Amino acid sequence: MKKDDCIFCKIADGEIPSATVYEDDLFRVILDIAPAAKGHALILPKNHYDNLWELGEEEAKKVIGLAAKISAAQKKALGCDGINVLQNNGIAAGQSVFHFHMHLIPRYEEDQVEIPWKTLSYEDGEAQTVCDSIKEAMKEL
Ligand code: 5GP
Ligand code: ZN
């Protein structure tokens with residue numbers, strides 16, 4: 001399941017070379033070309049999925065298992081103090097390459113990496129309404 005004009009399909013396939021830290025039948029893990037920190041890695045499935053909700057549950061489980069393994073290796077190899085796991089879906093969420101990928105970003109005390117958001121608050125009862133709507137939608141999946 002590849003998409004013809006997708007750069008991450010070509011990278012995952014090995015058609016375009018990349019700095020590969022891990023590869024198996026289903027995944028390739030590469031270094032991001034424009035890293036937030038050295039060792040910033042991207043987990044790419046070899047099959048094309050636009051985003052998280054297109055990824056099946058089985059592959060999603062494997063992605064998080066792989067993220068646990070790669071992050072342990074980053075911690076050991078780089079001696080970083082922390083790691084952000086980041087995964088953007090849709091233009092509104094900052095996705096720029098529309099082939100599912102998960103970022104693993106090494107972090108250091110006092111580094112200059114910014115992953116900020118401004119916080120909101122709920123009106124009385126609003127959190128429950130939002131909660132119920134998501135619960136309802138889950139029943140239909
Ligand atoms: P997004 O914004 O979609 O979550 O992240 C896309 C990421 O892919 C960016 O961090 C960007 O630097 C990285 N990227 C885009 N094109 C390439 C490429 O050709 N090779 C590699 N290694 N990374 C890429
Ligand atoms: Zn693709």
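Predicted model: local features only at pLDDT ≥ 70, side-chain atom pairs only at ≥ 80, totals over all residues.
**Salt bridges**

- K46 forms a salt bridge with E23, their closest N and O atoms lying 2.7 Å apart.
- This pair links distant parts of the chain, 23 residues apart, with K46 in the loop between strand 3 (41-45) and helix 2 (57-78) and E23 in strand 1 (residues 20-23); helices (H or I, at least four residues) and strands (E, at least two) are DSSP runs numbered from the N terminus.
- K46 is buried at a relative accessible area of 12%, whereas E23, at 43%, counts as partly exposed (buried means under 20% relative accessible area, exposed over 50%, partly exposed in between, with a 1.4 Å probe and protein chains only).
- A network of salt bridges links E23 and K46 with R28.
- D111 and R107 meet through their side chains in a salt bridge of 2.9 Å, N to O, and D111 is partly exposed, with a relative accessible area of 23%.
- In helix 3 (residues 126-139), E136 and K139 lie three residues apart, about one turn of the helix, and their side chains meet in a salt bridge of 3.1 Å, N to O.
- Of these two partners, E136 counts as partly exposed at 41% relative accessibility, while K139 is exposed at 63%.

**The largest pocket**

- About 300 Å³ of space lies in the largest pocket, where a pocket is an open set of points on a 1 Å grid over the protein atoms alone, reached by a 1.4 Å probe, with protein on both sides within 12 Å along at least five of seven lines, and a volume is the space filled by probe spheres set on the points.
- The lining (residues with an atom within 4 Å of a point) comprises 19 residues, of which F8, I30, D32, I33 and L42 lie nearest the centre of the pocket.
- Helix 1 (7-13) and strand 2 (27-31) are the elements that give two or more residues to this lining, and helix 1 provides the largest share, three residues.
- The lining residues divide into 11 nonpolar, seven polar and one charged, where Ala, Val, Leu, Ile, Met, Phe, Trp, Tyr, Cys and Pro count as nonpolar, Asp, Glu, Lys and Arg as charged, and the others, Gly among them, as polar.

Definitions and conventions: Residues numbered from 1 in each chain as written. Chains lettered and ligands numbered in written order. Heavy atoms only, no water. Salt bridge = Lys/Arg side-chain N within 4 Å of Asp/Glu carboxyl O.
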